[in-house]
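Please walk me through this structure, taking the packing of its helices and the layout of its sheets in turn.

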Amino acid sequence: MIIKKIKLENYTVFEDQQIVFCPGTNIFIGENGTGKTHILKALYSACQSVSKKTSFSHKLVSTMLPDDYKLSRLITRKQGKRSAFLRITAGDSVDSSDRVLTVSFSGKTKKWDADVSGEDGWEQSFAGMSSIFIPSKEILSHSYNLNAACELDNVRFDDTYLDILNAAKVDISMGRNNTARDAMLKAIEKVTHGTVIYDAKRDEFYLKNGNSKQEFNLVAEGIRKMALLWQLVKNGTLEKGSILFWDEPEANINPTYIPIIVEILLELQRRGVQVFVSTHDYMFASYFEVKKTAQDDILFHSLSTTNTSDVISYENAEKFADLKSNPIISAFDRLLNEIYNIGL
């Protein structure tokens, strides 16, 4: 499955926006509040609805968690905006015929009871496709009874956290070619200095090094995030035709590990995994240009607002520096100017 484009009308911060994606790695930048995570969650919800037991509209509510599970609360908060619309287009390959999934809802929509179209064809075309959303905050260290607690409404976590826990626990890699996977696992182990084990009886994850194992909550968060990636690769979740969404991979990561993460993401893309990431980090975004080859397909997406308007503007470019609205480079340039002025 390859996601080709998304159309958003009056959805959260977006009044009217269409975004076209590349089949490789899509990198979103933008200041806080410009809707990067909202786009990733909308796409992820569509991917999850390839299962007959998952409704697109219900998954949107479960990943966004509006008050009282009302989809209508995701309508743009502006006077006169009374309905919202999402359209997502995807295919089995770049040149294949497209499937279109849409959802529309209004202020009168009850909970997640929206108008959804294209769901039957979506399920038939992409059944069995795997998609993963890695949230910006690490969650494996909180695995114990978390799903059960959410079912009982004792705590509230959106579905991206619950889904990633389930994906980390289930091994679907049996019988598959392990050569390329083993190389990636070894690369990640350079950072984690160990492997991940899951104790089903205790419902806990551990980092294993030699004959010793350490509770996940005692491991540095940056290492835990890398260990999660190791677990997903080992379990066979990130295979050809799957889609990976990762919200701020650089969060709580030692800068020396950033090029390793970029290399792994590029390798996943080369193996047929479509990648969507959001970032605020100059090094992370720049390393894609440093590490990519001529065969790698990378597209940068920039979301922004102006001082006089809160309307979201959008642009894309194949090169990071070619984005006209680039808050990451602007912030980096300001820092360099201040450092230069100190030395005067």
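In this predicted model, helix α1 passes α2 in a right-handed crossing. The two helices pack at about 140 degrees, and their axes are 9 Å apart. That angle makes α1 oblique to α2; to count as roughly antiparallel, an angle has to be over 145 degrees. On the α1 side (residues 36–48), the contact is made by H38, K41, A42, Y44, S45, A46 and Q48, which meet F56, K59, L60, T63 and M64 in α2. Sorted by class, the contact of α1 with α2 contains six nonpolar, four polar and two charged residues.

One residue of this contact, Y44, also takes part in an aromatic pair. The structure holds 14 aromatic pairs.

Five strands form an open sheet in the order β2-β1-β4-β5-β6, and their pairing is antiparallel. At its edges are β2 (14–20) and β6 (115–117), each of which pairs on one side only. On average, neighbouring strands of this sheet are turned by 10 degrees against each other, direction ignored. Helix α2 (residues 56–64) packs on the sheet and touches β1, β4 (83–91), β5 (99–106) and β6. The direction of α2 makes about 65 degrees with that of β5. Helix α3 (residues 119–126) lies across β4, β5 and β6, and runs at about 145 degrees to β5.

Within this sheet, strand β1 (residues 2–11) pairs with β2 in the antiparallel sense over six bridges. In this pairing K5 stands opposite V20 in β2. In a regular strand, side chains alternate between the two faces of the sheet.

A second sheet is open as well, with three strands in the order β8-β9-β10 and antiparallel pairing. Its edges are β8 (195–199) and β10 (212–215); each has a single partner strand, so one side of each is left without a neighbour in the sheet. Neighbouring strands here are turned by 40 degrees against each other on average, direction ignored. Helix α7 (residues 221–234) packs on this sheet, where α7 touches β8 and β9, and its direction makes about 80 degrees with that of β8.

The pairings of the three strands can be followed one at a time. Strand β9 (residues 204–209) is joined to β8 by five bridges, and the two run antiparallel. Here D199 stands opposite E204 in β9. Four bridges join β9 to β10, again antiparallel, and K208 stands opposite K213 in β10. The hairpin of β9 and β10 has two residues between the strands, and G210 in this hairpin takes a positive phi near 65 degrees.

Two further helix pairs share helix α8. Helix α6 (residues 179–192) packs against α8 (residues 258–270) at an angle of about 165 degrees, with the axes 10 Å apart. The pair is therefore roughly antiparallel, since an angle over 145 degrees counts as such. α6 passes α8 in a left-handed crossing. M184, A187, I188 and V191 of α6 make the contact with I260, I264, E267 and L268 of α8. These residues divide into seven nonpolar, no polar and one charged.

The other partner of α8 is helix α9 (residues 282–291); their axes come within 9 Å and cross at roughly 55 degrees. α8 and α9 are therefore oblique to each other, and their crossing is right-handed. From α8 the contact takes I258, P259, I261, V262, E263, L265, L266 and R270, which meet M283, F284, Y287, F288 and K291 in α9. By class, the contact of α8 with α9 has 10 nonpolar, no polar and three charged residues.

Methods
Residues numbered from 1 in each chain as written. Predicted model: local features only at pLDDT ≥ 70, side-chain atom pairs only at ≥ 80, totals over all residues. Heavy atoms only, no water. Pairing = 2+ DSSP bridges. Axes fitted to C-alpha atoms, helices over the stretch in contact; angles between N-to-C directions. Contact = heavy atoms within 4.5 Å. Parallel < 35°, antiparallel > 145°, perpendicular 65-115°, else oblique. Left-handed = near helix turned anticlockwise from the far one by under 90°. Nonpolar A, V, L, I, M, F, W, Y, C, P; charged D, E, K, R; others polar. Phe/Tyr/Trp six-rings, centres within 6.5 Å; stacked < 30°, edge-to-face > 60°.
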